[in-house]
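Student: I would like to go through the terms used for this model and see what each one rests on.

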Amino acid sequence: MNVRPQTATQPGIRVGIMSAPRLHFVLHGVFRCGRQQVSGAQKVTVREGRIVWNGTEYDELLFTPETQDATLQLSDVTIGVRFHWQRSETQTFSGALRIEVNQGLLLAINELPVEQYLVCVISSEMRSTSSPEFLKASAIVARSWLLAQLNRKEIVTDETTSRLFTLNEHERILWYTRSDHSRFDVCADDHCQRYQGLSRATNPHVRQAVEETCGLVLTYEGQVCDARYSKCCGGRSNEFQYCWENVRVPYLTSVPDTFCNTHSAEVLRQVLNDYDQETTDFYLWSEELTQQELQTFITEKTGHELGDILSMEAEERGPGGHISRLRIEGSRGMLILGKELEIRRVLSRSHLKSSAFDVRPLDVRNGVPQRFRLDGRGWGHGVGMCQIGAAVMGSQGYSYDKILRHYFPLASVEKIY
């Protein structure tokens, strides 16, 4: 992969951390808020659409660090929103804290340079003990995705374009883009990229990987790639159009991947954070849904009452087997469900691991299955770099550029700042 010369400067990033009726945080070191110097424990609430801090009302607050080593600690930050690993944490961040009111709640936004943000993303998306080459590849992919989103926000300003759908009596085709964050650039959770602050960024290898790849991004025909990644593709990666807009993205082509089918506890401990290690069936998995569970999920999450569910069949799949259109036949109606994330959301209490599954009806009585078994592969949408596969490649001695070439064969690497 060719590396082109530097052409720009490092941008800043605004990360939406959490929304809540009150915020508790601790400022370690000296911060400035307006004309005040502030440190220590702080409490902020909201009253009639205005921020209340130390008895005074504000439209917004901005706490800016006075020194490079100053940090802030936020309590009750939710991670894994609506996924099966959802939990609350106390997290520590560098940079500034902006507080605004949004829909009657306090919105906490962390503002910091891109490279500082990436150190925390790489540590949050995987363990910082991963191989150096995998960390470098991850830094380049994450940086590419981020800068592509910033470029996109400059072009796409109409919020109605961020939630794209087909909704009618028989179809529910939904997908979401990252431009639906209007008050900040990206969120801190899996909807964008995991960003859990400095809490997990303790290993110097991550900082070194980010520093050694500073400003490097994937490009295609002179543009920064909207690079994607997921935990495990299940043996073959998916393509963009089966998850999001109906547009084929050449550099997100499907590739076979034999690397992610691993049982190496050593590699998995290196790449997966503690809560991710709770998911052991990431390559091959199965779920069973009772007839009643399935009816309840569909009605509650789509509003469609289909009666007894008679069958579920894939109308469209990506090259990796990920379903993008699922036809559900019921005794009282039919529904076509898509795309992959909506399928995963509707057919589970939280989310299925992926949409790459086959359906097996079980215990059929008078033509009505009493249970459905889903036999699936992979974890996540499957587009772009497979994190577990890339981690295995790194552990086997592949360099970061060879890892990137495997998952993005048509892309180049360019240094843009």
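The dialogue below sets computed values against the definitions behind them.

Tutor: The model is predicted, so local features need pLDDT of at least 70 and side-chain atom pairs count only at pLDDT 80 or more, while totals for chains, interfaces and linings use all residues. Residues are numbered from 1 along each chain as its sequence is written, and side-chain values use heavy atoms, with hydrogens and water left out.

Student: Why is the pair of phenylalanine 25 and phenylalanine 63 called edge-to-face?

Tutor: Rings of Phe, Tyr and Trp (its six-membered ring) pair if their centres lie within 6.5 Å; planes under 30 degrees apart count as stacked, over 60 as edge-to-face and the rest as tilted. The ring centres of phenylalanine 25 and phenylalanine 63 are 5.3 Å apart and the planes stand at 70°, so the pair is edge-to-face.

Student: What parts of the chain does the pair link?

Tutor: Distant ones: phenylalanine 25 is in strand S2 (residues 22-33) and phenylalanine 63 in strand S6 (residues 61-65), 38 residues apart. Helices (H or I, at least four residues) and strands (E, at least two) are DSSP runs, numbered from the N terminus. Phe25 and Phe63 form one aromatic cluster with Trp53 and Tyr58.

Student: What makes helix H7 mostly covered?

Tutor: Buried means under 20% relative accessible area, with exposed over 50% and partly exposed in between (1.4 Å probe, protein chains only). In H7 (residues 387-395), eight of the nine residues are buried, among them Ile388, Val392 and Met393. Phenylalanine 25 and phenylalanine 63 are both buried as well.

Student: How do you know that strands S21 and S22 pair?

Tutor: Two strands pair if DSSP finds at least two bridges between them. S21 (residues 357-365) and S22 (residues 368-377) have eight bridges, in the antiparallel sense. Valine 359 stands opposite leucine 374 in S22. The two strands form a hairpin with two residues between them, and asparagine 366 in the turn has a positive phi of about 55°.

Student: How many bridges join S14 and S15?

Tutor: Strand S14 (residues 216-220) and S15 pair over two bridges, in the antiparallel sense. The definition asks for at least two, so the pairing counts. Threonine 219 has valine 224 in S15 as its bridge partner.

Student: What makes the contact of arginine 228 with tryptophan 244 a charge over a ring?

Tutor: The term requires NZ of Lys or CZ of Arg within 6 Å of the ring centre and within 35 degrees of the ring normal. The charged end of arginine 228 sits over the ring of tryptophan 244, 4.2 Å from its centre. For lysine 301 over the ring of phenylalanine 297, the distance is 5.4 Å.
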